[in-house]
Amino acid sequence: MRRFSERKAVALAWTLAGVWTALIWLLIPFARSLQEISGRLAGGGFQRLAAVLGGGGAGLAVLAWVWQKPRTRAIRRTAWLVAVGALTVWVFRAQLQTSVEAFHFFEYSTLGFLLFRAWRQHVRDPLVFPIAACCLALVSWADEFLQWLMPGRFWDIRDIRLNVLAGVVILAFIAQVVRPEGIRPPVA
């Protein structure tokens with residue numbers, strides 16, 4: 001019975017990652033229309049403001065979680081949380097050219113988390129993080145390729161870089177702040 005539940009967990013993790021990837025790719029033809037609608041309804045900076053408020057709220061919740069746990073490595077985890085937060089702020093201030101790119105940050109950080117969960121079922125050492133990042137880069141490259149096929153859209157290496165940065169931020173957060181059970185050195 002336990003083996004069956006492990007298979008279900010693996011299938012669910014990969015299904016969630018696959019469905020999220022499919023949603024990202026299926027939204028490509030509608031991206032410009034959605035961008036215009038959200039701009040008209042909420043103003044140009046809505047996506048960036050929503051991302052900053054959501055990320056800030058999540059950061060505070062995680063900080064409370066870190067200090068609620070036994071004090072082991074709370075200072076180290078807090079330092080990493082500040083570093084990940086600073087990296088996120090840098091990406092938002094220096095790398096995003098439009099407020100819509102903040103939505104990409106959400107999409108690909110979520111995908112990074114889902115890919116980590118899926119690969120964690122197979123890889124139980126720190127190698128899971130670069131594997132998830134490489135998969136995220138492949139999905140991002142495919143995303144740009146699909147955009148290139150759409151009329152009026154183009155392939156841009158900068159978008160791939162931003163998408164991968166979003167995934168790396170969440171993977172660094174998982175690796176250094178959350179530090180999930182079962183992911184332990186050395187690399188097998």
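User: What do the values rest on?
Analyst: The model is predicted: local features need pLDDT of at least 70, side-chain atom pairs count only at pLDDT 80 or more, and totals for chains, interfaces and linings use all residues. Residues are numbered from 1 along each chain as its sequence is written, and side-chain values use heavy atoms, with hydrogens and water left out.

User: Why is D159 called buried?
Analyst: Buried means under 20% relative accessible area, exposed over 50%, partly exposed in between (1.4 Å probe, protein chains only). D159 has 16%, so it is buried. D159 is found in helix 7. Helices here are DSSP runs (H or I, at least four residues), numbered from the N terminus.

User: Which residues does D159 touch?
Analyst: D159 touches E101, S140, E144 and Q147, leaving aside residues up to four places away in sequence. Contact means heavy atoms within 4.5 Å.

User: Why is F103 called partly exposed?
Analyst: F103 has a relative accessible area of 39%, and therefore counts as partly exposed. The place of F103 is in helix 5. F103 and Q35 are 68 residues apart in sequence, yet 9.9 Å apart in space, C-alpha to C-alpha.

User: What makes the nonpolar surface patch?
Analyst: L27, F30, L34, I37, F103 and F106 make a patch of about 540 Å². Patch residues have over 30% relative accessible area and no salt bridge; nonpolar side chains (Val, Leu, Ile, Met, Phe, Trp, Tyr) are joined within 5 Å, like charges within 9 Å. A salt bridge is a side-chain nitrogen of Lys or Arg within 4 Å of a carboxyl oxygen of Asp or Glu. L27, at 32%, is partly exposed. L27 lies in the loop between helix 1 (2–26) and helix 2. Helix 2 (31–42) and helix 5 (101–120) each supply at least two patch residues.

User: How do you know that C134 is in no disulfide?
Analyst: A disulfide is a pair of cysteine sulfur atoms within 2.5 Å. The structure holds zero disulfides. For C134, the nearest cysteine sulfur, that of C135, is 7.1 Å away. C134 is partly exposed because its relative accessible area is 49%.

User: Which residues touch the most other members of the largest nonpolar core?
Analyst: Y108, L111, F116, F129 and F173 do, in a core of 34 residues. Helix 7 gives the most to this core, with nine residues. Such a core is a set of buried Ala, Val, Leu, Ile, Met, Phe, Trp, Tyr and Cys residues joined through side-chain atoms within 4.5 Å.

How values were computed
Accessible areas come from the Shrake-Rupley method with a 1.4 Å probe; for residues, only the protein chains shown count as cover.
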